[in-house]
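Dear colleague,

Please find the structure below, handed over for your study. My notes on its charged side chains follow.

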Amino acid sequence: MRNFLYCTGVLLLLWMSTSSQAALNIEIFGGGTNKIPIAIAPFNGERGLPQSISAIVSADLERTGLFKLVDTLGLTSQEPEQIRYIDWQGRGASALVVGSISPLPDGRIDVRFRLLDVVKRTQLTGFSGAVTTEQLRAFAHRIADIVYETLTGEPGAFSTRIAFVRKQGSQYALQVSDYDGFNARSLIEYTEPIISPAWSPDGSRIAYTSFEKKKPVVYVQTLATRERKAVANFKGSNSAPAWSPDGSKLAVVLTLHGGSQIYLINADGSGLQRISQSPGIDTEPSFSPDGRWLMFTSDRGGSPQIYRMPVSGGAAERMTFEGDYNVSPHYSPDGKRFVYIHRNAGRFNVAIQDLSTRQMQLLTDSNFDESPSFSPNNRMILYTTEIGGRGILSTVSSDGQAKSRLSQEAGNIREAVWGPLLKQR
């Protein structure tokens, strides 16, 4: 949405900041039916550790909207032969996670877990590993991935990463973190704005727009080496990069020949090709997963709406008709839906639309949401929302049943985007 506002000449909003750094405070709200009742018993030996494995796994699963967490008060993890399944059945659990943590002589920590079927009283899966204290969160996300995939049949997305822009004081930083906002690290920091980060399909690079040269220029940066290259630095504005599914090309928005239009370039900046041809503003492109379509925002009909057109060029088809303001489209990884920002009674909310039925559903009811993008397993949507004049990370399940705010006491967060599944899964 900010990309569209920029193209129409509206100034970027000033970002507020504070001076202290703090851990995320997680607030999950919302409800629903037909959830899997699961108990995550406190792991034996986790008391006193800086990270609670069971708490991280619980938060991961609850955010999806697919699980109902069963109260574990008074019950702890035990070996399978010691478990009183009748106690867990009495609390309504159909699945149970138990685990243990113990120190190793080399300073690492041995972590073990089991996922049990409470009704059949059998083990469904288990996993163990030796990690450092700093790796506990990553291991907990891995456990949540295994539990999620075992019980739903689809991959979990808890071991993935996200990217976002944080403004603190006069400094803008492009940061990468765990999917839940923890372990953030900066790729670049400038006193000029950074916007529209976009992950390459393999997760090795990020494209983004930087104003460091006093004009918007599109860069591609390799995460492992931090090497970066300006791939779109043409006359006028260069912005809103989006990767093709094979990672070979980028769609970018240029004012090279006047108004903002969509172009294709190779990932190294060569082979410029104009795609859209309209008298209005065309911006915020998003590739379909099969690489055949580009969805984008345009005011060619008089108000900002979402359109799609073949990547090869041609006529554009309008996709949104409810309301006079719909922006920031992103395809779902399965190509069946798209998520976007819809203005609703003066508020800007996350909405989702089915491509086959054209039915739209509002997923949030806050005042000012931005930058929605799907998790790589289609289950959750990452976005930023404004609370007290400050942008914070948030997620909502794709059915709107579970909402989670990942608030931070420091910095103002915008332009969040979810990365792909990791190769090592």
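The structure, which is a predicted model, contains 15 salt bridges. As background, side chains that carry opposite charges can pair when their charged atoms come close.

R137 counts as buried because its relative accessibility is 7%, under the 20% cut-off. D180 is buried as well, at a relative accessible area of 1%.

A salt bridge also links the side chains of R414 and E386, at 2.7 Å from N to O. Since R414 is part of strand 30 (residues 412-418) and E386 is part of strand 27 (residues 380-387), the pair ties together parts that are 28 residues apart in sequence. R414 is buried, with a relative accessible area of 1%, while E386 is partly exposed, with 26%.

Salt bridges with shared partners also join R308, E317 and R358 into one network.

Finally, the side chains of D87 and R84 form a salt bridge of 2.9 Å, N to O. Are these two residues buried or exposed? D87 counts as partly exposed, at 28% relative accessibility. R84 counts as exposed because its relative accessibility is 51%, and exposed means over 50%.

Yours sincerely

How values were computed. Residues numbered from 1 in each chain as written. Predicted model: local features only at pLDDT ≥ 70, side-chain atom pairs only at ≥ 80, totals over all residues. Heavy atoms only, no water. Salt bridge = Lys/Arg side-chain N within 4 Å of Asp/Glu carboxyl O. Buried < 20%, exposed > 50% of the residue type's maximum accessible area, 1.4 Å probe, protein only. Helix = DSSP H or I, 4+ residues; strand = E, 2+ residues; numbered from the N terminus.
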